Number of protein chains: 2
Amino acid sequence: MIDLIAFDADDTLWGNENYFYQTQNEYAQILSDYGCKEAVLERLHSTEIKNLKLYGYGIKSYTLSMIEAALSLSFREIPGELVAKILALGAKMLTEPVQPMNHVQHVLENLSQNHDLITITKGDLLDQNRKMKKSGLARYFSDVIVVSEKDDEAYQQIIQGKNIKPENFLMVGNSMKSDILPVLNIGGYGAYVPYKYTWDHEHVAEPVEHEKLFELKDMKEILDLKFFN
Amino acid sequence: MIDLIAFDADDTLWGNENYFYQTQNEYAQILSDYGCKEAVLERLHSTEIKNLKLYGYGIKSYTLSMIEAALSLSFREIPGELVAKILALGAKMLTEPVQPMNHVQHVLENLSQNHDLITITKGDLLDQNRKMKKSGLARYFSDVIVVSEKDDEAYQQIIQGKNIKPENFLMVGNSMKSDILPVLNIGGYGAYVPYKYTWDHEHVAEPVEHEKLFELKDMKEILDLKFFN
């Protein structure tokens, strides 16, 4: 019944948003002369959202937005020393360890025996490939697809390219907005596995109910879905 | 005989390196208090090459390297005003117009009637998609593939994914190192169409001779290749 299972990567296969949380705390510390933590992070977030169309997702975009917000908060008076610290924050994120979350390996090991598995993520190509490699999970996936935006059209293109009908497609992810809603829209199945942190930008205000949506508390519950039993 | 034709995008379908030239001239101007043009650009290039593994290719990576080199040249004394100017240089590159080079449209129009055409590029996914859209050439291509590195393995994966044998594959591009040599290595055909500017990093010192290599002076000569007559 399900021929292709796609997984989101960040905050689904491994934690990622936690590094952004850590980084923004250090960022607020670096800029503490120019505003309280709340003010600094608000400027950072509004800069990040403003730049999404220009820069897209990923750590390099985030680093450029951190620098831009720092210039703005300091009225361009920020010392080079602090700009260098911000650059280093970004570089550190690009070399963080990648630790698969609980039960992920077990679930992939199990599902990969009878299904084609792929990942579909946003962000930097190079960085996503790095994380996949570091995670030790690459062997379970026939394809690692990085897209600029996870909308209906992007999912449609992917399943068409794989010759898969929507009713035979399941997407697993932690973002209702990016991983689940567009897949339901095109007629596929969604398994929603929330993560402890969700980026504001990915929040969906209304609760969602749909016959093709499964809300799971933990990744391991995927194996209990009707398709796999 | 040829089932799949892949085109490099930057400096093959449209000019791109010219914007880097323009940008680095303005960059040297911005940093003229910290060194002569040669010294500034040498620091920029060495920073860029050092960061390739961390940041990969593309304009965002280049912008981060411009900022890092400026911090280094100024011993971290660079005023925020100039950091803001460097950020703006990067943002400007991300919104430049995209003009197909001479004869490109004619060649694609012609070849697309009997062949599957794709593009294979390095760089940022979002930015490459933007340029493809702006160029007006998107309709000729069945796929726009962005890879982290153009090596033997990357090309092998692409043609395997498309079920194409190397002897039925032709790659067209302006970089001997990235577009031609790896394709010849895996048994495919290469059409080398040099551009007026070549990034140092893409230079190949030795002249190359190979029975499956065609060296062209202009894109329009592709239509004269034996496969298409």
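User: Which residues of chain A are linked in a network of salt bridges?

Analyst: The model is a predicted one. In it, salt bridges link A:D10, A:D127, A:R130 and A:K131 into a network. Over all chains, the count is 22 salt bridges.

User: How far apart are the N and O atoms in the salt bridge of B:D10 and B:K131?

Analyst: The side chains of B:D10 and B:K131 meet at 2.9 Å, N to O. This pair links distant parts of the chain: B:D10 belongs to the loop between strand 1 (4-7) and helix 1 (17-30) of chain B, whereas B:K131 belongs to helix 6 (residues 125-135), 121 residues apart. Both B:D10 and B:K131 are buried.

User: Which residue of chain B forms a salt bridge with B:K60, and why does the pair tie together separate parts of the sequence?

Analyst: The residue is B:D124, with the closest N and O atoms 4.0 Å apart. B:K60 lies in helix 3 of chain B and B:D124 in the loop between strand 2 (116-121) and helix 6 of chain B, so the pair ties together parts that are 64 residues apart in sequence. Burial is read from relative accessible area, with buried meaning under 20%. B:D124 has a value of 7% and is therefore buried; B:K60, at 4% relative accessibility, counts as buried as well.

User: Which residue of chain A forms a salt bridge with B:K60?

Analyst: A:D124 does, and the closest N and O atoms are 4.0 Å apart. A:D124 lies in the loop between strand 2 (116-121) and helix 6 of chain A, while B:K60 lies in helix 3 (residues 59-73) of chain B, so this pair joins two chains. With a relative accessibility of 7%, A:D124 counts as buried.

User: How many salt bridges are there between chain A and chain B?

Analyst: There are four between chain A and chain B. Another pair to examine is A:R76 with B:E81, whose closest N and O atoms are 2.8 Å apart. Helix 2 (37-55), helix 3 (59-73), helix 4 (80-93) and helix 6 (125-135) of chain A each supply at least two residues of the side that touches chain B. Helix 3 of chain A gives the largest share, seven residues.

User: What area is buried between chain A and chain B?

Analyst: About 2,500 Å² is buried between the two chains, and carbon and sulfur atoms give 69% of that area. A:K60, A:R76 and A:L126 supply 23% of the area that chain A buries against chain B, more than any other three residues. The contact takes 30 residues from chain A and 30 residues from chain B.

User: How is a pair of aromatic rings described?

Analyst: The distance of the centres and the angle of the planes describe such a pair. The structure holds twelve aromatic pairs over all chains. One of them is A:F214 with A:F227, an edge-to-face pair at 5.7 Å centre to centre and 90° between the planes. A:F214 lies in strand 6 (residues 213-215) of chain A and A:F227 in the segment after strand 6, so the pair ties together parts that are 13 residues apart in sequence. Both A:F214 and A:F227 are buried.

User: Which residues do ring pairs link into a cluster?

Analyst: The cluster consists of A:Y189, A:F214, A:F227 and A:F228. Within it, A:F227 and A:F228 form an edge-to-face pair, 5.8 Å centre to centre with 65° between the planes. A:F228 is buried, its relative accessible area being 17%.

Note on methods:
Residues numbered from 1 in each chain as written. Chains lettered and ligands numbered in written order. Predicted model: local features only at pLDDT ≥ 70, side-chain atom pairs only at ≥ 80, totals over all residues. Heavy atoms only, no water. Contact = heavy atoms within 4.5 Å. Buried area = accessible area lost by both parts, 1.4 Å probe. Helix = DSSP H or I, 4+ residues; strand = E, 2+ residues; numbered from the N terminus. Phe/Tyr/Trp six-rings, centres within 6.5 Å; stacked < 30°, edge-to-face > 60°. Buried < 20%, exposed > 50% of the residue type's maximum accessible area, 1.4 Å probe, protein only.
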